[in-house]
Amino acid sequence: MTDRVPIQRNLTATIASDQGLTRVDDCWNRIGVRGDGSCPELRRHVHCRSCPTYFAAAAALLDRAPPPGHLSGWPSRLAHREPVEVETVLSIFIFRLGAHWLALPAAVLDEVVDLGTIHSLPHRRRAGVLGLVSVHGALRVCVSLGQILGLDEEEGSEACEEGDESQGSAGSGKGEPACRSRDRRLLAIRRGAGRVVFPVTEVHGLQRIEAREQGPIPATVARMAAAFTRSLVTWRERSVGLLDEHRLFQALARSLA
Amino acid sequence: MLFLLFQLGDDRYAIDVEQVAEVLPLLDLKAFPLAPRGVAGAFDYHGSPVPVIDLSEVMLGRPARRWLSTRLILVQYAGGRRLLGVIAERATETLRCERAEFVDSGVASDGAPSLGPVRADARGLVQWIEVDSLLPEAVRQVLFQEALPA
């Protein structure tokens, strides 16, 4: 957390009127690095280019009417240019965490491995980090997705023991107990250089969905989980929360920092 | 996290860039004279019309100044399924910081967007604003529950 910074008074060095005319005080030429160096802020920022006053002066230069002809060509350019993202079909990986069905884009999935021993890290107790796991001989950080998303991972396991059929699982049409502890797996995900594993209650597998099958997240979803959810997908009459891998990896980076 | 900053009057706001599709210059828009105050018009974006609101007109009752620093921010509205253009003044700066640097101000006000999490810097407070809370109900009704005239 940053220390409280006093408001710099000389930031009102630029004046803009409604005509967009800006009178800029070029203090950097007068008392700054290009002047006599007498500015008190120089001690804090070392060079004028790191000073917010300099930055504000540059930004204020844009507070003026655009030159004539500046905007011509833009409308036709925008109408014809290819859209940035054309994703009509998404490949997602569906899994269950406690009572919650979730999904991640297939691109971040590295592999699914059997649950092994999680070696807890003795002197580091970070929120969400369970410890280290060996995956094919390499040590990977194991986190609790439930803790990161604010979801209860144990929810649903009570239902397992009672044989609650409403939970359902792949291929359980015969009235068997809905899940078994041997359904638990470790999911290894990867984005760039970041690799992480986390235990899940049950794994379904890959599913291809149309991008337009995604629905909005209802207000009933817990706020923390909603922040990580990109959209809701309906699959086998269930609502599956498609997670936003960018936010997930941001949160993981914070936990592991 | 990365934020796009803009100004409404003298107040500074930040929106999550994940909600921003693109930042465009102030285009000429096709105006809708019968639309409520603040709906600046629409423009053609890759073949689809996108409605545009002038945030200064909606919130402060005066149109945004047509400066180079006034930009048209294309935001993902309603869970990302719709695009909305927002004309905002001084939309020229980004901010990269930790999410936790925005703290709850503990104040809510009626009418204006609730005073959400704020972050203090050398120039004062920046308020983190969610795109979905940018529009007053009346404007939202017109934009997305009725088709705009062709």
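**View 1. Within the largest nonpolar core, A:Phe95, A:Leu145 and A:Phe198 touch the most other members.** The core holds 25 residues. A nonpolar core here is a set of buried Ala, Val, Leu, Ile, Met, Phe, Trp, Tyr and Cys residues joined through side-chain atoms within 4.5 Å; buried means under 20% relative accessible area, exposed over 50% and partly exposed in between, with a 1.4 Å probe and protein chains only. The model is predicted, so local features need pLDDT of at least 70 and side-chain atom pairs count only at pLDDT 80 or more, while totals for chains, interfaces and linings use all residues. Residues are numbered from 1 along each chain as its sequence is written, chains are lettered from A and ligands numbered from 1 in the order in which they are written, and side-chain values use heavy atoms, with hydrogens and water left out. Two or more core residues come from each of strand S3 (89-97), strand S4 (100-105), helix H5 (145-149), S8, strand S9 (194-200), helix H7 (223-228) and helix H8 (245-256) of chain A. H8(A) gives the largest share, 4 residues. Helices (H or I, at least four residues) and strands (E, at least two) are DSSP runs, numbered from the N terminus.

**View 2. Here are the contacts of A:Phe198.** Once its neighbours within four places in sequence are set aside, A:Phe198 is in contact with A:Phe95, A:Leu104, A:Cys142, A:Val143, A:Leu145, A:Arg185, A:Leu186, A:Leu187 and A:Ile189. Contact means heavy atoms within 4.5 Å.

**View 3. A:Leu109 sits in strand S5 (residues 109-114) of chain A.** With a relative accessibility of 18%, A:Leu109 counts as buried. Beyond residues up to four places away in sequence, A:Leu109 touches A:Phe93, A:Leu187, A:Ala188, A:Ile189 and A:Arg190. For chain A as a whole, residues 24 or more positions apart account for 57% of the contacts with a separation of 6 or more.

**View 4. A:Trp28 and A:Tyr54 form an edge-to-face aromatic pair.** Rings of Phe, Tyr and Trp (its six-membered ring) pair if their centres lie within 6.5 Å; planes under 30 degrees apart are stacked, over 60 edge-to-face and the rest tilted. By this rule there are 8 aromatic pairs over all chains. In the pair shown, the centres are 5.0 Å apart and the planes stand at 90°. The two residues are 26 residues apart and link distant parts of the chain, A:Trp28 belonging to helix H1 (residues 27-30) and A:Tyr54 to helix H3 (residues 52-60) of chain A. A:Trp28 counts as buried at 18% relative accessibility, whereas A:Tyr54 is partly exposed at 34%. Over in chain B, ring pairs join B:Phe3, B:Phe102 and B:Trp128 into a cluster.

**View 5. The buried residues of H3(A) include A:Thr53, A:Ala56, A:Ala57 and A:Ala60.** These four lie on the same side of H3(A), because they cover an arc of only 100° around the axis. The arc is that of the directions from the helix axis to the C-beta atoms. An α-helix has 3.6 residues a turn, so residues three or four places apart point the same way.

**View 6. Cysteines, but 0 disulfides over all chains.** A:Cys27 is in no disulfide, and the nearest cysteine sulfur, that of A:Cys39, is 6.2 Å away. A disulfide is a pair of cysteine sulfur atoms within 2.5 Å. A:Cys51 also has A:Cys39 as its closest cysteine sulfur, at 6.2 Å, too far for a bond. A:Cys27 is buried at 14% relative accessibility, and A:Cys51 is buried at 10%.

**View 7. The loop between strand S11 (229-235) and strand S12 (238-243) of chain A holds A:Arg236.** A:Glu237 lies in the loop between S11 and S12 as well. Most residues other than glycine have a negative phi. A:Arg236, not a glycine, has a positive phi of about 50°, and A:Glu237, also not a glycine, has one of about 65°. A:Arg236 is exposed at 51% relative accessibility, and A:Glu237 is exposed at 81%.
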